[in-house]
Amino acid sequence: MITLTAHAAEVVRGNIGKEKLPVDTALRLGVVNDGCKDSNTQYRYVLELDSEAVRPGDHLFESEGITIRVDQQSLAHLDGVKLGVKQGPHGNEYMFLNPHAEHSCSCGNTFSEVMPDIQVKEVEAN
């Protein structure tokens, strides 16, 4: 499940209107394997308005009247994310509250995940 705050949904609707996109435009969220070098983060959030047709493998969510699309590869990294908006020096900035993020960069756009413990069992050779 991916959710938006009421204010984030308002900002998304405003951006759809400003860009004169169709009213059924969705918000596409994803991640790419490209963190900030100085913070040793693994992933970067990708966020865009998407007025194209649903892509194969997309997962659809609805929050505050906004359709959210997430590709299959990003879903494991984004499940449970809540997207908010804060006022920054250059206007509105999106904030990601991600339950999987162990560490985030101060830019707020990159993160590293809690990695599961992997037990390695040694096998004796015969």
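This is a predicted model: local features need pLDDT of at least 70, side-chain atom pairs count only at pLDDT 80 or more; totals for chains, interfaces and linings use all residues.

Biologist: What percentage of the residues in the protein chain is buried?

Modeller: The accessible surface of the protein chain comes to about 8,300 Å², and carbon and sulfur atoms contribute 50% of that surface. A residue counts as buried when its relative accessible area is under 20%. Of the 126 residues in the protein chain, the buried share is 35%.

Biologist: Among contacts with a separation of 6 or more, what share comes from residues 24 or more positions apart?

Modeller: A contact here requires heavy atoms within 4.5 Å. Among the contacts of the protein chain with a separation of 6 or more, the share from residues 24 or more positions apart is 53%.

Biologist: Which strands are the edge strands of the open sheet with mixed pairing?

Modeller: The sheet is formed by 3 strands in the order E1-E6-E7. An edge strand pairs on one side only, and this applies to strand E1 (3–4) and strand E7 (91–97). The edge strands are therefore E1 and E7.

Biologist: In which sense, parallel or antiparallel, do E1 and E6 pair, and which residue of E6 is the bridge partner of Leu 4?

Modeller: Strands of a sheet pair through backbone hydrogen bonds, either parallel or antiparallel. E1 and E6 pair in the parallel sense, over 2 bridges. Within E6, the bridge partner of Leu 4 is Leu 83.

Biologist: What is the angle between the planes of the aromatic pair?

Modeller: The structure holds 1 aromatic pair. Tyr 45 and Phe 96 form this pair, with 3.8 Å from centre to centre, and the pair is stacked, the angle between the planes being 5°.

Biologist: How many residues apart in sequence are the parts that this pair ties together?

Modeller: Both Tyr 45 and Phe 96 are buried. Tyr 45 lies in strand E3 (residues 43–50) and Phe 96 in strand E7, so the pair ties together parts whose separation in sequence is 51 residues.

Biologist: With which side chain does the side chain of Tyr 45 make a polar contact?

Modeller: Tyr 45 has a relative accessible area of 9%, and is therefore buried. Tyr 45 and Val 32 are 13 residues apart in sequence and 6.7 Å apart in space, C-alpha to C-alpha. At 3.1 Å, the side chain of Tyr 45 makes a polar contact with the side chain of Asn 98.

How values were computed: Residues are numbered from 1 along each chain as its sequence is written. Side-chain values use heavy atoms; hydrogens and water are left out. Helices (H or I, at least four residues) and strands (E, at least two) are DSSP runs, numbered from the N terminus. Buried means under 20% relative accessible area, exposed over 50%, partly exposed in between (1.4 Å probe, protein chains only). Accessible areas come from the Shrake-Rupley method with a 1.4 Å probe; for residues, only the protein chains shown count as cover. Rings of Phe, Tyr and Trp (its six-membered ring) pair if their centres lie within 6.5 Å; planes under 30 degrees apart count as stacked, over 60 as edge-to-face and the rest as tilted. A polar contact is a pair of N or O atoms within 3.5 Å; within protein, one must be able to donate a hydrogen and the other to accept it, and residues adjacent in sequence count only if both atoms are side-chain atoms.
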